[in-house]
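Take a look at the sequence and the structure, and then read on.

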Amino acid sequence: MRRAINWVVYSLIIINKAGGLVYQRDFHDGLNKLSINDYLVLAGTFHGVHAITRSLTPTALLSSSNPPIPRSAITGIEVLESALFRLTCFQTVSGTKFLLFTEPQQPNVEVIMRRIYELYADYVMKNPFYQLEMPVRCEAFDRHLLGYVRAR
């Protein structure tokens with residue numbers, strides 16, 4: 001009988017379109033603990049690097065593809081891998097970025113990210129008391145997110 005492998009989701013960070021940290025949650029003790037100031041710096045730094053990588057797309061690539069790639073379809077950095085973790089970025093149409101820290105071998109990260117985004121849409125964006133671009137303080141989102149990450 002083979003044992004099921006439990007892959008690890010370490011942490012989730014949500015950054016608003018201005019580069020501000022609006023949500024951070026650790027799910028596993030595998031990453032070093034950072035202070036809230038370190039998370040704020042990380043959010044701002046990633047936001048800047050993401051914007052720069054969007055502008056680094058070669059223009060020859062844009063015009064030579066058939067059909068041409070529209071400027072709006074260009075994304076910034078999507079995955080950053082190290083030997084010990086993988087950082088995956090999903091940017092919404094509104095500019096909100098979801099950063100998910102997982103093990104490098106974690107399969108189906110896109111599926112996990114999609115479900116996290118669905119939970120965000122259901123419990124944060126549909127919350128009449130939530131103000132856009134402000135820190136996320138939603139107990140239902142926390143509860144369902146933690147339940148989803150632990151159940152996987």
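C138 is buried, with a relative accessible area of 9%. In this predicted model, C89 is buried too, at a relative accessible area of 10%. How many disulfides does the structure hold? The answer is zero. A disulfide would need a pair of cysteine sulfur atoms within 2.5 Å.

## Charged pairs

Let us move on to side chains that carry charge. How many salt bridges are there? The count comes to six. Three of them are set out here.

| Salt bridge | N to O distance |
|---|---|
| D142 and R25 | 3.8 Å |
| D26 and K33 | 3.5 Å |
| R86 and E81 | 3.9 Å |

Start with the salt bridge between D142 and R25. D142 belongs to helix α4, which covers residues 139–151, while R25 sits in strand β2, residues 21–26, so this pair ties together parts that are 117 residues apart in sequence. D142 is partly exposed, its relative accessible area being 25%.

Next comes the salt bridge that joins the side chains of D26 and K33. Here D26 is partly exposed at 26% relative accessible area, whereas K33 counts as exposed at 57%.

In the salt bridge of R86 with E81, the closest N and O atoms are 3.9 Å apart.

## Aromatic rings

Now for the rings. A pair of aromatic rings is described by the distance of the centres and the angle of the planes. Searching the whole structure turns up eight aromatic pairs. One of them joins F90 and F98: the ring centres are 6.2 Å apart and the planes stand at 45°, so the pair is tilted. F98 is buried, with a relative accessible area of 0%, while F90 is partly exposed at 30%.

Y120 and F141 make up an aromatic pair as well, this one edge-to-face, with 6.2 Å from centre to centre and 75° between the planes. Why does this pair tie together parts that are apart in sequence? Y120 lies in helix α3, residues 109–125, and F141 in helix α4, so the pair links parts that are 21 residues apart in sequence. Both Y120 and F141 are buried.

Ring pairs link Y23, F90, F98, Y117, Y120 and F141 into a cluster.

## An asparagine in a loop

Our last stop is N16. Where is N16 placed? Look in the loop between β1, residues 9–15, and β2. N16 is buried, with a relative accessible area of 9%.

The side chain of N16 reaches toward the backbone in two places: the backbone nitrogen of A18 is 3.1 Å away, and the backbone nitrogen of G20 lies 2.7 Å from a polar atom of the N16 side chain. What does N16 touch, leaving aside its neighbours within four places in sequence? N16 is in contact with V22, H47, G95 and E133.

Conventions. Residues numbered from 1 in each chain as written. Predicted model: local features only at pLDDT ≥ 70, side-chain atom pairs only at ≥ 80, totals over all residues. Heavy atoms only, no water. Salt bridge = Lys/Arg side-chain N within 4 Å of Asp/Glu carboxyl O. Helix = DSSP H or I, 4+ residues; strand = E, 2+ residues; numbered from the N terminus. Buried < 20%, exposed > 50% of the residue type's maximum accessible area, 1.4 Å probe, protein only. Phe/Tyr/Trp six-rings, centres within 6.5 Å; stacked < 30°, edge-to-face > 60°. Polar contact = N/O pair within 3.5 Å; in protein donor to acceptor, adjacent residues only side chain to side chain. Contact = heavy atoms within 4.5 Å.
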